[in-house]
Structure formats: structure tokens, C-alpha cells
Amino acid sequence: MASSSMDTEAAGQELKGGGYTVAATAHAVDSVDRCSLLLVNTTDSWQQVGLLLVIGFNCAYVLSFSNLMMAPLGWGWGVACLLLVGAAAWYANWLLAGLHFIDGQRFIRYRDLMGFVFGRKMYYITYFLQFTTLLLCNMGFILLGARALKAINVEFTHSPARLQWFITATGIVYFAFAYFVPTISAMRNWLATSAALTLAYDVALLAILIRDGKSNKQKDYNVHGSPAENVFNALGAVAAILVCNTSGLLPEIQSTVREPAVRGMRRALLLQYTAGAAAYYGVSVAGYWAYGSSVSEYLPNELGGPRWAAVLINATAFLQSVVSQHLFAVPIHEAMDTRLQRLEEGMFSRYNLTRRFFARGLIFGFNIFVTALFPFMGDFVNLFGSFALVPLTFMFPSMVVLKIEGKSSGRWSRLWHWGVIVFSSVLCVATTAAAVRLIFNNARIYHFFADM
């Protein structure tokens with residue numbers, strides 16, 4: 001289905017399958033010809049990439065998943081969907097990892113893979129879906145970081161500042177990190193710190209959740225609302241579970257894995273969907289168990305215990321999010337850097353530093369503005385989980401397999417992949433409708449209270 005060896009020709013050539021020229025990349029990894037896509041020495045081990053995935057998906061987003069994933073579904077459907085969607089995301093990413101090489105060509109961008117196989121139109125569709133996902137994801141990170149800072153502020157004052165001020169401060173911190181740590185591979189120096197922060201707030205959070213859950217005798221696990229509301233909320237929960245498990249940028253992450261890249265990436269995925277999932281699923285389930293269906297959209301708001309524990313959890317969650325958010329924004333930065341910087345110069349040349357300053361400022365300035373205007377956590381999670389991640393995760397890999405294998409594949413294989421495509425298309429439409437409904441409802445309520 002896919003070649004296992006790297007093409008030795010320069011990758012800036014005209015591709016037969018896509019009818020376009022693959023762009024150069026500014027985010028070269030170690031020793032590399034910057035005017036091609038041929039990564040000569042990709043040095044990141046699968047253990048490093050696996051740890052990056054575990055840390056990235058155990059980010060501050062887990063503080064909202066009890067409300068977004070479990071409360072709309074209840075125990076039975078909630079646990080079932082956690083397991084089914086997690087397993088499906090694992091399979092889909094495992095399949096996509098095997099498509100890293102096609103006809104001797106290595107693809108370090110998802111959009112290049114789709115363009116090679118289906119042509120320029122699919123290149124731009126993938127570009128739009130992927131970048132929409134990453135922008136909305138970054139807005140969600142900014143909002144979560146701001147909520148963590150505001151929660152700390154509340155512990156020390158009775159008149160906390162407005163959330164929008166903390167949104168601005170969070171965006172500025174994220175901007176600084178993205179400016180000085182420009183690439184995925186450069187994040188290796190921050191993995192140990194991020195892992196320590198993740199462990200700190202996970203352990204502290206679980207300890208308080210267990211204590212609160214044992215003391216709370218009035219827990220209600222019923223799913224409330226009309227049948228129509230419950231259906232829409234359940235679809236939103238499925239989208240949130242998908243967000244919890246996948247990113248839509250696996251080829252970009254896999255581009256840093258040393259040879260054999262396919263086997264290494266699949267080992268990293270195994271680490272994510274075992275050790276990583278145990279942590280973020282554990283926090284989500286524990287939060288629902290402790291507080292029931294009334295659990296807050298931002299879990300630390302529910303916590304009892306001493307002030308220092310709340311400050312510790314929010315502080316570590318904020319600091320860890322600084323590293324995690326960068327993983328999910330790097331493809332946007334790579335596209336901007338490749339277009340604006342001089343590829344023959346180093347990332348830290350004066351010219352490239354200046355260009356990168358304005359590029360990062362443009363991205364984070366836009367994200368700060370939109371986040372401050374619509375500070376609804378559930379909207380960010382559900383919308384990009386439904387509208388973009390469903391096709392990127394499930395539909396596109398099966399499309400590529402069908403295109404590559406053609407009639408040479410067995411009948412059952414073709415039926416399986418066509419079934420995945422049809423089902424994921426229906427799921428995309430349904431979950432997107434639920435997310436749009438949530439946006440309108442929250443916008444109406446928010447403006448009502450804001451005008452009072």
C-alpha cells in the first residue's frame with residue numbers, strides 16, 4: 001500500500017498525482033536541504049514523540065472534558081463512547097501513519113499527501129480544514145489559560161478582573177513561546193518540564209476529586225433536558241471525545257520521527273492511546289463521578305480543599321498549556337514561516353526573527369480578539385471536533401487507501417473503507433449542526449447577561 005523507504009530525489013519536483021509543486025519548508029529538522037522536503041536526519045525518537053503526544057493531549061483541555069464528554073451522555077453511553085471513539089481514533093491514526101510514504105515520496109504535511117493523491121482541490125480543502133481546526137484549538141487553549149489565571153486571581157481578591165484581560169495576557173505568553181521555540185523538534189528541551197507540570201496537576205486534581213467525590217452524597221447522574229436537547233448535546237459530546245483523542249496533524253508530527261518513521265509513529269501512538277488516554281480519561285471520569293451531571297465546564301471551579309491546592313492546579317495547568325498549545329499550532333507557524341522567511345538563512349537570523357515576530361503577532365492577535373469576543377469553551381471544542389476533525393481523522397485516510405489500492409484491494413476492504421467514509425460524513429454533518437446550535441444559544445445568553 002505504501003513504500004517504506006524515502007525517495008532520494010529532491011522533493012520540490014512536480015508531483016504526478018497532485019499536479020502541483022510541493023513547497024519548501026522553513027521548519028527543517030537538523031541536517032536538511034531547506035529548499036526541499038527531503039529530511040536528511042530526523043532525529044526524534046519514537047519515545048520522545050510519544051511523550052510529546054501524551055503531554056499534548058493531557059493539557060488543560062482535560063479540565064473541561066467531564067462537563068463536555070460525560071455530563072451529556074451519562075455513565076452508560078459516556079463510558080461506551082469514550083472507548084469506541086478512542087479505539088476508532090487510534091485505528092484511524094494508525095492507518096494514516098502508514099501513509100507517510102507513497103511511491104517513495106515522504107509527506108510531512110497532511111495537505112501535501114491529499115494533494116498528491118487527489119489533486120490541487122483536495123490540497124486546499126485539507127489546508128482549510130486543518131488550519132480551521134488548529135486556529136479554533138488555539139483559541140480554546142487561550143481561553144483555558146485565561147480561566148486558569150482568573151481562577152488564581154479569584155483566590156486573592158474579591159473583585160477579579162474581567163476574563164478578557166486574562167485572555168490577552170495568555171495570548172501574549174503563548175506568542176512569546178511560539179516566537180522563541182519555533183518548531184516541533186525544538187520543543188524537546190521543554191518536554192521534561194511539561195511532563196513534571198502535567199504530573200503535578202493530574203495528581204493534585206485526582207486527589208481532590210477523590211476526596212470531594214467521597215464527601216459528596218447528593219450526586220445526580222441523570223441527563224437532564226428535552227429529548228431534542230439531549231440528542232444535540234450527545235452529538236456535541238461525541239465531537240468533544242474526538243478532540244480528546246486526535247489532532248488532525250499526524251503527518252506533521254511524524255515528520256520529526258527518525259527512521260523507520262512508520263513503525264516509530266505507530267509506537268508513539270500506542271503510548272498515547274494507553275498511558276496518555278488512561279490519564280485524560282481518568283480525570284474526565286473522576287470529575288463526573290465526584291460532581292455528577294452538574295460538573296462545571298472548568299473543573300477547578302468545583303474543587304474544595306485549601307487555597308494552595310487550587311492555585312497549584314491552575315498555575316501548573318496554565319504553564320503546561322504554554323507548551324501543549326504550541327504542538328497544535330506549529331503547522332500554521334510552519335506555513336507562515338515558509339512563505340515569509342528566507343529559507344537559506346537560519347531560523348534565528350535577524351531577517352527571519354523580524355518576519356517571525358510579525359507572523360506570530362498576526363496569528364495570536366487574531367486569536368486573542370476572537371476568543372475575547374466569544375469566550376465559550378464548549379463551542380471551541382465541539383465545533384472543531386465536528387466540522388474539521390471528523391473528516392481529517394476518519395474520512396481522508398480511507399479515501400487515500402481506496403485511491404492507492406484501487407481494485408487490487410479485496411471486496412471486504414473496499415466495503416470497510418466506504419463504510420467509514422459514509423458513516424463519518426453523516427457524523428460530521430450531525431455533530432456540526434449540534435455545535436452551531438450551541439454557539440447560537442451561548443452567544444444569546446452571553447449577550448443577555450453582558451447587557452445587564
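1. In this predicted model, helix H5, which covers residues 120-154, packs against helix H15, residues 389-405, at an angle of about 150°, and their axes lie 9 Å apart. Angles over 145 degrees count as roughly antiparallel, and H5 and H15 are therefore roughly antiparallel to each other.

2. When the residues of the contact of H5 with H15 are sorted by class, eight are nonpolar, three are polar and none is charged.

3. The structure holds six cavities of 30 Å³ or more, and the second largest cavity has about 130 Å³ of space. Of the 15 residues that line the second largest cavity, Phe 57, Cys 137, Val 243, Thr 246 and Phe 328 are the closest to its centre.

4. The lining of the second largest cavity has eleven nonpolar and four polar residues, and no charged ones.

5. A further helix pair to examine is H7, residues 191-215, with H11, residues 307-327, whose axes come within 9 Å and cross at roughly 145°. The crossing of H7 and H11 is left-handed. On the H7 side, the contact is made by Ser 194, Leu 197, Thr 198, Ala 200, Tyr 201, Ala 204, Leu 205 and Ile 208, while H11 brings Ala 309, Leu 312, Ile 313, Thr 316, Ala 317, Leu 319, Gln 320 and Val 323. By class, the contact of H7 with H11 has twelve nonpolar residues, four polar residues and no charged residues.

6. Helix H12 (residues 330-340) and helix H13 (residues 350-373) pack at an angle of about 135°, with 10 Å between their axes, and that angle makes H12 oblique to H13. H12 passes H13 in a right-handed crossing.

7. What is the make-up of the contact of H12 with H13 by class? The residues divide into eight nonpolar, one polar and four charged. From H12 come Ile 332, His 333, Met 336, Asp 337 and Leu 340, and these meet Tyr 351, Arg 355, Arg 356, Ala 359, Arg 360, Leu 362, Ile 363 and Phe 364 in H13.

8. Two places in the backbone deserve a careful look. Most residues other than glycine have a negative phi, and most peptide bonds are trans. Asp 103, however, has a phi near 55°, which is a positive value in a residue other than glycine, and Asp 103 sits in the loop between strand S1 (101-102) and strand S2 (105-106). Elsewhere, Glu 259 and Pro 260 are joined by a cis peptide bond, with omega about -5°, and Pro 260 lies in the loop between helix H9 (250-254) and helix H10 (261-291).

Methods
Residues numbered from 1 in each chain as written. Predicted model: local features only at pLDDT ≥ 70, side-chain atom pairs only at ≥ 80, totals over all residues. Heavy atoms only, no water. Axes fitted to C-alpha atoms, helices over the stretch in contact; angles between N-to-C directions. Helix = DSSP H or I, 4+ residues; strand = E, 2+ residues; numbered from the N terminus. Parallel < 35°, antiparallel > 145°, perpendicular 65-115°, else oblique. Nonpolar A, V, L, I, M, F, W, Y, C, P; charged D, E, K, R; others polar. 1 Å grid on protein atoms, 1.4 Å probe; cavity = no way out; pocket = protein on both sides within 12 Å on 5 of 7 lines; lining within 4 Å. Points joined across faces, edges and corners; volume = space filled by probe spheres on them. Left-handed = near helix turned anticlockwise from the far one by under 90°. Contact = heavy atoms within 4.5 Å.
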